[in-house]
Structure formats: structure tokens, C-alpha cells
Amino acid sequence: MTHRSGVNLVVAHALEAKPLIGFFRLRRQLAAKPYPIYGGEEGICLIVSGLGRQAAAAATLHLGKWQAQQMGAVSGWLNIGIAGHQKLAIGEGILAHKIIERASSSCFYPSQMFSGFHTGDVISVDAPELNYPENAAYEMEASGFYASAMSFANAELAQVYKIISDNPSNSVEKIDARFVSDCMSGQIDQIQRLVSGLQELAEVYNDAYQLPEVLMQLGSNVKPTVTQQFQLKRLVQRYHALNRSDELNDFLNKSFNSARQLMAELELNLRQSGGQ
Amino acid sequence: MFSAIYIEEEVANTARVESILQKFPDIPQIRCERYGEIFNRKAQNFRLQKRAPALILAKKYGKLVLPAPAGYGFDASASYYFSHMLNCVYDCRYCFLQGMYRSANYVLFTNYEDFGAAIDDVIEQSAGSSVFYSGYDCDSLALDPVSNFCRFFVPEFSRHPQATLEVRTKSTQVRHLLEMQPIPNCVIAMSFTPEEAAARWEHKVPAIGKRIEALGKLQKAGWKVALRFEPIIFGSEIFEAGAEASDTLAAYRQLFIDVFEKIDPSTVHSVSTGLFRMPVSYYKNIVKLYPDEALFARQTETRQGLVLFSIDRESEQLEALEKLLFGFINRQQYYRCA
Ligand code: SF4
């Protein structure tokens, strides 16, 4: 199934990105600089941010702004990466239900929209945490990612998924390229489920809120003021909501002296034949 | 039932919270400082959240009992409301809660004892009788199996016979009430719209027949019951194209027949009607939330800060509906909501 709405994957390291790029059949987007950005036909986009919350925040902002120029629809956002944990076994996945930024004590709560995932606290630290003091996933990007993603999406459409790479009995030193790849690949089904879920949610959102194309066409000849743009938008939405969009085509074929005249006629038509 | 349960640190170790959490061992339990961190944050979408709402267990501070809005109830006595819960498990498209809150999550304030003390205070200070409404910011019965609202608040009012508790609901969760001894100063007020309106706008709400059945059981068990025919939405897209307000009347006639077949009108505490109306700011928020909803694409007008749908011959239509209703009840039982 092809989706109109996309999902953006933000990963810190090229090693984490590699299995995802392969699985989702993504290709490097040549136009995108300075970050490596990969895209695919299913609306999935991936950016490699670099390590740390500041890098994740900057890359997320960069991707959001780059995309705003390209499309206009809202996308889902997913930060994926490896993390350490006090209790969870190597290779297990954890969907963040609370993100705590250690440096500032700020907390973020991604809305829990998906069932069937192991969920837990994720603590974003500025240096690798080797003692795992709390029952949480320790990593370095989630809080930066989440704060930036909130500029482009709401709490339902931004999620963080971490795969456990180290714990008190398996130290950070054992992590190598092969190990990272295995960790990510081992969770690919869950990641795909999350991506599909986010894509579906973004679709629901865009279906409800994306502006009808006819709005641009109607407004193009009459130069509405900012206030009139809002009023015109609402009128067009009302036609759509009342299942009367076809009638808007008649207005496209007429000429109007002003935005005010166009809106008066749209309003009159709604009142006259709608009985609403 | 819930996508997650958020728990304020302050109530985390209370018996009420622990007993709720025990019922949901498999749902993520997430600690927070204050419920507002989740409930009042920006960048959340009520409509998306309604697909997977969470429960937030919190402590309510400040004024716990407030004067009821003018025209809210039946009685001329002093009227108050209290909200042990914010938001509703149902999803009526016309509901003002969608415009009032940013979040669709349910907040359950678990410091019932503080509510009880505040109610005691207000009753002591009131010279005569008083009425307390629950279910203004929620549906009190819908979550009763979890909240145990009835088991706490009905005994509270049994100690104050001069005060009445009215519980507004569309729920069929009446088991706790049926297990209790009815008290004369508690009224269960069930809301109804006609079948066509319910099917179109009352998502996740129990079917009309089930609601009538639940109310009938309560009445038979000796509870005082009331009927709220609200909100009335005349002539609409729920009927065939070109439908008139008279189609709405026909739908109400059928609803009244169905209700009074099972509910004995002679002992009904009160019956009310009320047009759809909503504060302007809430209405604007709802339009933004549901720009594609036909109901909100209608012509509206504003009266005293409230948005109403424009209706031809409004008072005539309302009177016709009341006339229908008076075929089943007497006028003393009736009031029209302002
Ligand atoms: S039952 Fe009442 S409170 Fe609940 S959604 Fe419907 S109108 Fe709102």
C-alpha cells in the first residue's frame, strides 16, 4: 500500500542507519546537505544526525525545514538507536513513554498510540552511562530529537524506539559494527510496525487538515487579505464537509471583482441550496 | 481500555491509586510530577489522542466545588458542580469537552476525601437545600468500575439528605448502584438524542435501547431517575436531503415512545430539553479540530457568548417538541435548559 504521508527516521550513526536503509530500500538524496538524507518510494525518509542530543536536535530541525519546502503534509517522526539498560536483555526493544533529559531534568511524554510494544523511561545523557543507576534506557539523542520534532508534529506523531546494546553484564566495549547491525536487524519487524502505525496516523491527520487544492485556485485571482484567506479557507472546508465540493468548480469558472464578492457568493450559495 | 496510565508522584502510593493500578498490570504505568505536564501541554491533537486515550491519576487542588452555570439544572436551590474527572470515555461529536481541553486523556482526581470535605463545607454553609451536579466535565458512571465514584459519593450524600446529587450520564455502568441501597437524594439523569443523531454523532456511546434498559433497572430498584433530551439538533444531514425540522420531531416521537415504554413517567424526577449550544471559544476550537465535520459546517449564530445552530422558527419547533413530550409526562416534571 502506498501512503501519501511519510515517516522520518532520525538515527545517530551510519551503522544504525545501514540496516534501515537496506530494509526500507532508501536512496541517498543528492540535493540534501549537509546531513546524509535518504528517501524511498513509501514516504520514508532517514537522516543521520551524529551523536548527542544537540546533533539530534539540529538534524531533526534541518530535516523538518527541508521537508516543509518539499511537501507540506505532516509526517510521523521516529528516533531509533541503540541504548544501555539496567535490566533489559541485549537486543530487546523499548518504546519511550517518558524521555528525561539528564542535564536539564526536562521531561517529555510521547503519547502512547501503539500497543504491543515494551515501553519504558528513556534517559538522555551527555556522556555514556556505564552504571545504569535506574530502570531506564540510557542513550544520548532522544530528548534533543523530541524537542525539535515537536516543531513539526504533535506528541502523537513523534516517537522514540531504542534497542538495547549494553547492560550491566554486557559492557559498551563489546559493541562493534556487526553487533549494531544485528541489534537493529533483530528489531526490524517492530520498527516496521511502528513506521506503519505512524504512517497511518499521519494519514489520518493529513486527511483531516490538509488544505484542499481548490482553495489556492479560488484565491489566486482575487488576492485575499490574510483575514480573508482564513475566511475563504473555512468556506471551502464547509463545502467539503457538507459533501458539496463539486459546486466549487462553478466558482472557479466565474470571475469576481474581489475576495469579498467571491466569499459573499460562496456563503449565499451555501445558505440557499443547503438548508443548513 | 487505556493506552497508558500516568500517575502523579503525590498520589502514587495511595490506596485508591494502588487498587486501580492493580486492575491494569499490563498497561504502561508512567510517573509524572503534575498531570498538567501531559494534559495541558501544547502540540497534542485531541482527535488523534481519542484513538488511544490514556488515564491520568492525579490530585485536585484549589476549589473542588464550584457554582453550577446558570440554567444548568431543574431545581431553584443553590446549585454546584464538582469534577472528580476530566474528559469522557465516549466520543460525542457535539461534546464541548473537545473544545475545552487540549488533551483527550482522562484525568481522574483520586483525592475523593478532599472532595467530600469540600461538599460538606458547602452544604453546611448553604441555608436551605442544594443540588450538586457530577458529570459536567465527564460522564461519571462510564468509568465507575474503575473509579468507584458511586461507592464513595453516594454514601457521602446519604449523610446529607438536604442536598441532592445529580449524576449525568449516557452510560450503562450501573452495577455498583444496583448493589447499593438507593437513597432519595441521588438522581441518575440519562441523556438521549434520537436514534439517527446517536448513530451519527455519539461514537462509543451505549445503544439507546441499552441505556433505557439500564435506567429502567435503576428505576425498578428504587433509584430516582431523570431524562435529559439534549442536545436537540433540528433538521440535519442525518436525514435525507431536503429534510425539515419536522423530521427531527418524528425522530423524537419515536424516541419518547421507546423511552416511556420502559420508564415509568409517573416517578421520573425531572425531564429536560436543551438546544445545542456552546461557548464561542470552545466552538472555534472544535471547528479547528474537525474542519471536515458536516455538523460544524452549518450556519450558526451567537447569543450571549454561546454558539447555536440557526434554525427556522426555532421557538415554534421547540414548542412542538415539548407538546410531544407532554403527551408522556406532566408539565411540573419538565424544564427547558437555558
Ligand atoms: S457522553 Fe457526554 S461527556 Fe461524554 S462525550 Fe458524550 S456529550 Fe461528552
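Residues are numbered from 1 along each chain as its sequence is written, while chains are lettered from A and ligands numbered from 1 in the order in which they are written. In this predicted model local features need pLDDT of at least 70, side-chain atom pairs count only at pLDDT 80 or more, and totals for chains, interfaces and linings use all residues, with side-chain values resting on heavy atoms and leaving out hydrogens and water.

## The ligand and the pockets

Around the ligand stand B:Cys88, B:Tyr90, B:Asp91, B:Cys92, B:Tyr94, B:Cys95, B:Leu97 and B:Lys170, where a residue is near if one of its heavy atoms lies within 4 Å. By class this shell has six nonpolar, no polar and two charged residues (Ala, Val, Leu, Ile, Met, Phe, Trp, Tyr, Cys and Pro count as nonpolar, Asp, Glu, Lys and Arg as charged, and the others, Gly among them, as polar).

The ligand sits in the second largest pocket, in the sense that more than half of its atoms lie within 2 Å of the grid points of that pocket. A pocket is an open set of points on a 1 Å grid over the protein atoms alone, where a 1.4 Å probe fits and protein lies on both sides within 12 Å along at least five of seven lines; lining residues have an atom within 4 Å of a point. A volume is the space filled by probe spheres set on the points, which are joined across faces, edges and corners.

| Pocket | Volume | Lining by class |
|---|---|---|
| Largest pocket | about 1,400 Å³ | 19 nonpolar, 15 polar and eleven charged residues |
| Second largest pocket | about 950 Å³ | 22 nonpolar, six polar and nine charged residues |

Of the 37 residues that line the second largest pocket, B:Tyr72, B:Phe96, B:Tyr136, B:Arg168 and B:Glu230 are the closest to its centre. The largest share of this lining, three residues, is supplied by strand S13 of chain B, which spans 224-232; helices (H or I, at least four residues) and strands (E, at least two) are DSSP runs numbered from the N terminus.

The largest pocket has 45 lining residues, and B:Lys284, B:Asn285, B:Val287, B:Lys288 and B:Leu289 lie nearest its centre. Both chains contribute to this lining, with helix H5 (188-209) of chain A and helix H12 (280-289) of chain B among the elements that each supply at least two residues, and H7(A) gives the most, with eight residues.

## Aromatic pairs

Over all chains the structure holds 36 aromatic pairs, meaning rings of Phe, Tyr and Trp (its six-membered ring) whose centres lie within 6.5 Å, with planes under 30 degrees apart counted as stacked, over 60 as edge-to-face and the rest as tilted. A:Tyr109 and B:Tyr6 form an edge-to-face pair, 5.9 Å centre to centre with 80 degrees between the planes. This pair crosses between chains, from the loop between strands S7 and S8 of chain A to strand S1 of chain B, and both A:Tyr109 and B:Tyr6 are buried (under 20% relative accessible area with a 1.4 Å probe and protein chains only, against over 50% for exposed and partly exposed in between).

The ring centres of A:Phe117 and A:Tyr161 are 6.0 Å apart and their planes stand at 80 degrees, so this pair is edge-to-face. Because A:Phe117 lies in the loop between S7 and S8 of chain A and A:Tyr161 in strand S10 of chain A, the pair ties together parts that are 44 residues apart in sequence. Both A:Phe117 and A:Tyr161 are buried.
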